[in-house]
Amino acid sequence: MVIKALRFLAAVFTLAFVTSAAAQTSVDEAERGIVRVVVILQTSEGRMLYGSGSGFVVAPNLVVTNAHVVAPARQGAEYGVAIVPPQGDGLLPANIIRYSPLTELALLEFRGEPDLTPLTISTVEPHTGDGVVALGYPDVDYQGASGADLLRPAPPSRTSGQIASLRDQAPTGDPIPTINHQAVISSGSSGGPLLDECGRVIGVNSWHVSGADTRETRGVSTRAAQLLQFLDEAGVTPTLSDERCLSFAERIQAERTQTIDALQAQNQELEAKLQTADRLTRIAVVILIGGTLALFVAVCVLGAIVLSRKRENGNGHVAVPHQPHVQQREPEPFEAPRKRMGVMTIVGGAAIAAILIVAAGIALMRAQSEQTEQTADASDFSGAITCTLDREASSGAQGVADMSFNASGALCVNERTLYAPIDGGARFRRAIVLGEARALDVLTIDPASGEFRRERYPLDDSAFADANEAVATSSAGRGCVGDGASEAVARRNETLMRFAQGNPSQRLVWRCEKR
């Protein structure tokens with residue numbers, strides 16, 4: 001118990017020191033998927049840089065940027081588009097595969113295979129006052145730089161602020177849902193992502209405006225809802241998240257509570273296993289002792305019979321005095337063998353019973369050992385998990401990438417999303433309603449085989465409204481802690497699964513393993 005207490009306290013104190021560093025990890029990871037987008041002009045004097053902006057990876061070899069960033073490249077064959085990753089060898093040629101000036105978005109496909117991380121897009125509606133982070137390559141960071149400098153890999157710039165307001169139209173007057181925010185951006189930031197504090201995309205930085213009298217400047221971003229519609233029309237399936245980004249204080253509290261609950265659950269589980277093992281061990285010892293005693297008794301009886309037979313053979317016939325008035329009984333020729341046979345049967349049965357009892361005890365001990373091993377193996381699907389997309393088993397997988405996540409408990413993904421057990425705990429499931437795609441996603445994880453399956457079912461207006469109402473009235477909250485959290489998710493899943501009718505419009509299958 002002392003060792004358990006020390007481990008518990010160590011985990012709590014360790015958590016207090018590491019949470020501040022862990023809070024920024026996801027934004028740091030997002031930086032690896034930010035690129036500079038450049039337009040190159042081919043002239044008689046050679047190639048020259050015509051213009052540049054920012055972009056971010058949404059799927060393997062696919063980058064989103066602003067339409068106005070690559071608009072010059074549509075003027076003629078002498079213009080070309082390329083991206084510059086944050087690190088690597090340098091320029092990578094790209095093609096414009098979708099262009100939408102009405103939504104101020106463009107989709108590029110680049111050649112080459114650099115280690116660029118696709119960003120996760122949040123489906124949670126942003127709110128005024130939420131903290132945001134803007135990533136990109138603003139021109140203010142490159143004053144005095146030459147064109148050659150802008151074609152070299154460099155990490156993106158980062159600024160932060162809060163959401164000032166949400167609007168339904170862009171500064172141009174077009175009906176584009178936008179976010180006005182205080183993170184500083186400038187011309188080169190166009191096309192870069194606006195992130196929440198968890199590193200997930202909530203918008204695309206498209207404009208920066210300033211007040212005529214106040215000189216106050218703000219960034220304006222196209223909202224993620226418009227981006228997801230644009231990607232859906234292009235047939236691209238990005239990585240999505242429906243979890244609210246917790247504030248710094250909320251993350252500390254949630255992670256601390258989760259750690260404490262996990263340690264308590266682990267201690268309870270360990271105590272139950274020890275009690276079960278102790279009971280089985282006692283039963284096995286009793287059986288072994290009983291079997292040994294039975295075997296000892298059988299050997300003693302058998303020894304007594306053998307000694308008795310030897311004594312009879314040594315004494316020979318015993319003289320009996322003649323009594324004329326007493327009738328003598330003739331001995332029965334098979335009486336002694338019958339007695340011996342009965343005794344031998346009893347002894348043999350006792351020996352067989354003893355052997356069976358000993359064998360049962362050994363079998364129980366082996367079963368206990370195997371159960372302990374199986375219980376230990378059940379925890380293998382935890383920690384850092386990497387998943388490779390199985391394109392043969394998937395359908396509609398265009399633009400879908402491999403992915404990774406952290407798993408803990410039974411079964412918490414990325415310390416935010418709890419999956420409820422199905423099939424007697426053999427698999428785990430989470431049903432999610434996607435507001436932007438108007439669909440139901442059914443996510444299923446099989447820890448034994450490492451299969452992660454996502455099936456999408458489109459919803460009509462009526463089903464979409466009913467599904468949203470079911471989610472709103474559900475007692476399943478966000479996060480993985482709390483009394484009855486798993487049962488609440490299971491009830492929510494059961495309610496939503498009635499909307500999973502027919503064949504899914506998309507099926508994605510990943511093969512996952514521990515890193």
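Trainee: Which exposed residues does the face of α8 turned away from its buried side carry?

Mentor: That face of α8 carries Asp461, Glu469 and Ala472, where exposed means over 50% relative accessible area, buried means under 20% and partly exposed lies in between, with a 1.4 Å probe and protein chains only. Keep in mind that this is a predicted model, in which local features need pLDDT of at least 70 and side-chain atom pairs count only at pLDDT 80 or more, while totals for chains, interfaces and linings use all residues. Residues are numbered from 1 along each chain as its sequence is written, and side-chain values use heavy atoms, with hydrogens and water left out.

Trainee: And which residues of α8 are buried?

Mentor: Ala463, Phe464, Ala467 and Ala470 are the buried ones in α8. They cover an arc of only 125° around the axis, which puts them on the same side of α8; the arc is that of the directions from the helix axis to the C-beta atoms. An α-helix has 3.6 residues a turn, so residues three or four places apart point the same way.

Trainee: What covers them?

Mentor: The cover over the buried residues of α8 includes β20 (427–434) and α9 (485–496). Helices (H or I, at least four residues) and strands (E, at least two) are DSSP runs, numbered from the N terminus.

Trainee: What span should α8 have, and how far apart are its ends?

Mentor: With 12 residues (461–472) at 1.5 Å a residue, helix α8 should span 16 Å, and its end C-alpha atoms are 16 Å apart, which agrees. The expected span is 1.5 Å times one less than the number of residues.

Trainee: Switching topic, what does pLDDT say about the chain?

Mentor: The protein chain averages a pLDDT of 80, and 78% of the residues score at least 70; pLDDT is the predictor's confidence in each residue, from 0 to 100. Over residues 1–24 pLDDT stays under 50, and the model has 19 contacts beyond four places in sequence for them, contact meaning heavy atoms within 4.5 Å. Residues 371–378 also have pLDDT under 50, with three such contacts.

Trainee: How many helices and strands are there in the chain?

Mentor: The secondary structure comes to nine helices and 23 strands, and of the 515 residues 37% count as buried.

Trainee: Which strands form the open sheet, and in what order?

Mentor: Nine strands form it in the order β18-β17-β16-β15-β23-β22-β21-β20-β19, with antiparallel pairing. β18 (417–418) and β19 (420–422) stand at the edges, each with a single partner strand, so one side of each is left without a neighbour in the sheet. Two strands count as paired if DSSP finds at least two bridges between them.

Trainee: What about β22, is it enclosed or open?

Mentor: Strand β22 (residues 451–458) is largely enclosed by the rest of the structure, because six of its eight residues are buried. Strand β21 (residues 439–446) pairs with β22 in the antiparallel sense over eight bridges, and one of the bridge pairs sets valine 442 against glutamate 455 in β22. The two strands form a hairpin with four residues between them, and glycine 450 in the turn has a positive phi of about 80°. Six bridges join β22 to strand β23 (residues 506–514), again antiparallel, with arginine 456 opposite glutamine 506 in β23.

Trainee: Now the nonpolar core: how many residues has the largest one?

Mentor: The largest nonpolar core has 24 residues, and those with the most contacts inside it are Phe56, Val58, Val64, Leu107, Leu195, Leu227 and Leu231. The largest share of this core, five residues, comes from α5. A nonpolar core is a set of buried Ala, Val, Leu, Ile, Met, Phe, Trp, Tyr and Cys residues joined through side-chain atoms within 4.5 Å.

Trainee: Which residues is valine 58 in contact with, leaving aside neighbours within four places in sequence?

Mentor: Valine 58 is then in contact with Val64, Leu107, Pro118, Leu231, Val236 and Pro238. Apart from this core lies another, of 21 residues, among them Ala397, Phe405, Leu443 and Leu508.

Trainee: Last one: is isoleucine 121 buried or exposed?

Mentor: Isoleucine 121 is buried, with a relative accessible area of 0%, and it lies in strand β7 (residues 120–122). Leaving aside neighbours within four places in sequence, isoleucine 121 has contacts including Val201, Ala224, Leu227, Leu228 and Leu231. In α5, the buried residues include Ala224, Leu227, Leu228 and Leu231.
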